[in-house]
Amino acid sequence: MDLSHGKCWNTPKESWKNILLLAYQSLGVVYGDLSISPLYVYKSTFAEDITHSETNEEIYGVLSFVFWTLTLVPLFKYVFVVLRADDNGEGGTFALYSLICRHAKVSLLPNRQVADESLSTYKLEHPPEKKITSKVKLILEKYKALHTALLVLVLLGTCMVIGDGLLTPAISVFSAVSGLELSMSKEHHQYAVIPITCFILVCLFALQHYGTHRVGFFFAPIVLTWLLCNSALGLYNIIHWNPHVYQALSPYYMFKFLKKTRISGWMSLGGILLCITGSEAMFADLGHFSYTAIQIAFTFLVYPALILAYMGQAAYLSHHHHSSHHISFYISVPECVRWPVLVIAILASVVGSQAIISGTFSIINQSQSLGCFPRVKVVHTSDKIHGQIYIPEINWILMILCIAVTIGFRDTKHMGNASGLAVMTVMLVTTCLTSLVIIICWNKPPIIALLFLLFFGSIELLYFSASLTKFTEGAWLPILLALILMTIMFVWHYATIKKYEYDLHNKVSLEWLLALGPSLGIARVPGIGLVFTDLTSGIPANFSRFVTNLPAFHRILVFVCVKSVPVPFVPPAERYLVGRVGPEAHRSYRCIVRYGYRDVHQDVDSFESELVDRLVDFIRYDWCRAHGANSYIEDDHVPRSNESSECRLAVIGTVAFSGAPAYEIEESVQPESVSVDFPTVESVTDFIEMEPVGGAIGKRVRFAIDEESETDNSRVEMQMQLQEELEELYQAQQAGTAFILGHSHVQAKQGSSVFKRLAINFGYNFLRRNCRGPDVALKVPPVSLLEVGMVYVV
């Protein structure tokens, strides 16, 4: 099944067969982490703060808390509200941030273009002319400090997701293997569990480079078997030990529990919250499935199975008053089926760990796309399933840290405290961002967003505060990890923006480029020169430095900008934005390659060949447009826009040229123009003239092509000139392609603060030297690489 761009379910009519198939497949990807929580919830809750007494008030109170927490957070919050805040079918922290950035000007990345808003995936919840600007949006756009605060909030959620990716494999595999304690002596058990857990973790991370798709076909059956197993065990324990345990679902038992245990009960909430670990995966993995499929799987299978599992354990414990360190999942399993359950539990824990590891790879790739994470190698592991990636450096770092956590903590209690804090932080971030989406994107009254924030935020703050009390007992780990990661991400993002601003202020004029020639001792050599830059307009400073040191440049010159757009993915047919730089005779072009935050960069076999194909399509289109449109009809008396060749850009898709580009835009201080909806180049070119300021509504201008008025001589001359330009391009391709990249060193200005000097001179430059270079990220052949040294003083 092709999950390309997360739209595999988006058929004209969703059949129930497809929905049920997706619901079944979602079990192995989405619910692996959530389904294994019965392994450690009760054990973590009764670890130290409270004891299981003869009155059963504690176990009933915990069951009531677990039931209402599972009902309110995963079911009501995620299934019925948060899942609807999707970004073109994609979910997760960056999806919410992307939605907010499209509806409000809060993005810190300065490379935003009008053309981006014409992408088919750049859809707004409400048309601009109907949107009522809220005060919250105006305040958010007005203060740049709020833009930074919003980004910090998103980065905090991202860091905690990465922390969860570190802690979940450790606690889930350790809890599953701990079932051996009932089958061997305590002396042997303490020397067996840690090595077995570490061995399973090493195998799990060692298999990551094969990709989830190679072993994922049996993930769903494992989780389904585990859920059915839990349901059966739960029903057995309820019927056999305590058929009246359902009474504990009443909220009365929560108040009774807190009244008896007081502060100890509040502190034990750090263990209860582990019952909802993995809930965020329902939203984060939305792109691979559909809202309906995830809703059906959770509501009709996962939710009732988990409730039965927790009720069954509570029913068993209500008649077995062991000391707290004996409370575990396996004591409620009948001895005759304990070994099969142990095997299924270990397999389920591996599946749950796999899901969160894949999610960690995905969110780091998204962070890298937004310029918030140092460059790392991203390997696309599946040709059919979009978004399945593997990051070698992150994989091995996670493995080492997972093993270190397992050996260092050695018990479920400390791991649970750390995991609980990370989970609640991510949920709080999601609640805050969803509240903004309700106001800014959905245009709902602020009171609705406030009620949502207060209701769910208060529940999560209660659990978050309980987790913070366990700071010295394991909760310090995600906080320390978040501080380190946020420092790295914020320093990288800050330096990236400063470098862009430096390039923007130091770019050279088009006149300077056009003046370069034999009179100045500058030669044009055979071949194609691809000058990579972050700029979407203008001539970058690294090219002027290149020409200054080497007074020659290639016959075909292409300024390439690889940029990210605040959308989950950019369709291949809309990825390339191509235009001329200077007149036709100069043979200079600009190509902007656009990717979404879930796209895998450079996912073509040969970027050079792909780019040449797009240039060929653009040249043919540009000659037909420039020399074929003899007349035009203006709507609303719109004056014809400036048509200078260096300003006009056209979308050139990866489809046959007969289909024509979807639209073209004019990017400069001049009015922008967008061309849409013309079936072939030989028909009618339909422009929309946009006002340069004020956001006025676009006006339509049609340029009609009258083939009869063309003389044979002019047509022959046009064909010869077109053929000449194409032949020059092909000859240059045969001569070879050079990739010209800037090799940058960044340093803080004189008089900068101590923090800025530390961040730029030491932090950023250390990361730049020890991470992947732009040549690796762009897959540039080493033999074709030309690096230009640049010093950025920011």
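This is a predicted model: local features need pLDDT of at least 70, side-chain atom pairs count only at pLDDT 80 or more; totals for chains, interfaces and linings use all residues.
1. His-320 lies in the loop between helix H14 (291–317) and helix H15 (338–369), where helices (H or I, at least four residues) and strands (E, at least two) are DSSP runs numbered from the N terminus. At 17% relative accessibility His-320 counts as buried; buried means under 20% relative accessible area, exposed over 50%, and partly exposed in between, with a 1.4 Å probe and protein chains only. Leaving aside neighbours within four places in sequence, His-320 is in contact with His-52 and Trp-241, contact meaning heavy atoms within 4.5 Å.

2. Residues are numbered from 1 along each chain as its sequence is written, and side-chain values use heavy atoms, with hydrogens and water left out.

3. On confidence, the mean pLDDT of the chain is 80, and 82% of its residues reach 70 or more, pLDDT being the predictor's confidence in each residue, from 0 to 100. Among the elements of the chain, strand E11 (residues 684–689) has the lowest mean pLDDT, 30, whereas H18 has the highest, 94. Over residues 1–13 the pLDDT is below 50, and beyond near neighbours in sequence this stretch has 33 contacts in the model. Residues 655–709 likewise have a pLDDT below 50, with 150 contacts in the model beyond near neighbours in sequence.

4. As for the chain overall, its secondary structure comes to 25 helices and 14 strands, and 57% of its 794 residues count as buried. Of the contacts with a separation of 6 or more, 79% are accounted for by residues 24 or more positions apart. The chain exposes about 32,700 Å², of which carbon and sulfur atoms supply 62%; accessible areas come from the Shrake-Rupley method with a 1.4 Å probe, and for residues only the protein chains shown count as cover.

5. The search of the whole structure finds 15 salt bridges, a salt bridge being a side-chain nitrogen of Lys or Arg within 4 Å of a carboxyl oxygen of Asp or Glu. Side chains of opposite charge can pair when their charged atoms come close. The side chains of Glu-58 and Lys-260 meet in such a bridge at 3.0 Å, N to O, and this pair links distant parts of the chain, with Glu-58 in helix H4 (residues 57–80) and Lys-260 in helix H11 (residues 252–261), 202 residues apart. Glu-58 counts as buried at 4% relative accessibility, while Lys-260 counts as partly exposed at 39%. Both belong to a network of salt bridges that links Glu-57, Glu-58, Lys-256 and Lys-260.

6. A further salt bridge joins Arg-580 and Glu-725, whose side chains meet at 2.8 Å, N to O. The pair links distant parts of the chain, Arg-580 being in strand E5 and Glu-725 in helix H23 (residues 712–735), 145 residues apart. Arg-580 counts as buried at 2% relative accessibility, and Glu-725 is buried as well, with a relative accessible area of 0%.

7. Arg-772 forms a salt bridge with Glu-393, the closest N and O atoms being 2.7 Å apart. The two residues are 379 residues apart, with Arg-772 in the loop between helix H24 (754–770) and helix H25 (774–777) and Glu-393 in helix H16. Arg-772 is partly exposed, with a relative accessible area of 29%, and Glu-393 is partly exposed too, at 24%.

8. Arg-410 has a positive phi of about 65° although it is not a glycine; Arg-410 sits in the loop between helix H16 (392–409) and helix H17 (412–440) and is partly exposed, with a relative accessible area of 49%. Arg-587, also not a glycine, has a positive phi of about 60°; Arg-587 is found in the loop between strand E5 (576–580) and strand E6 (588–595) and counts as buried at 7% relative accessibility.
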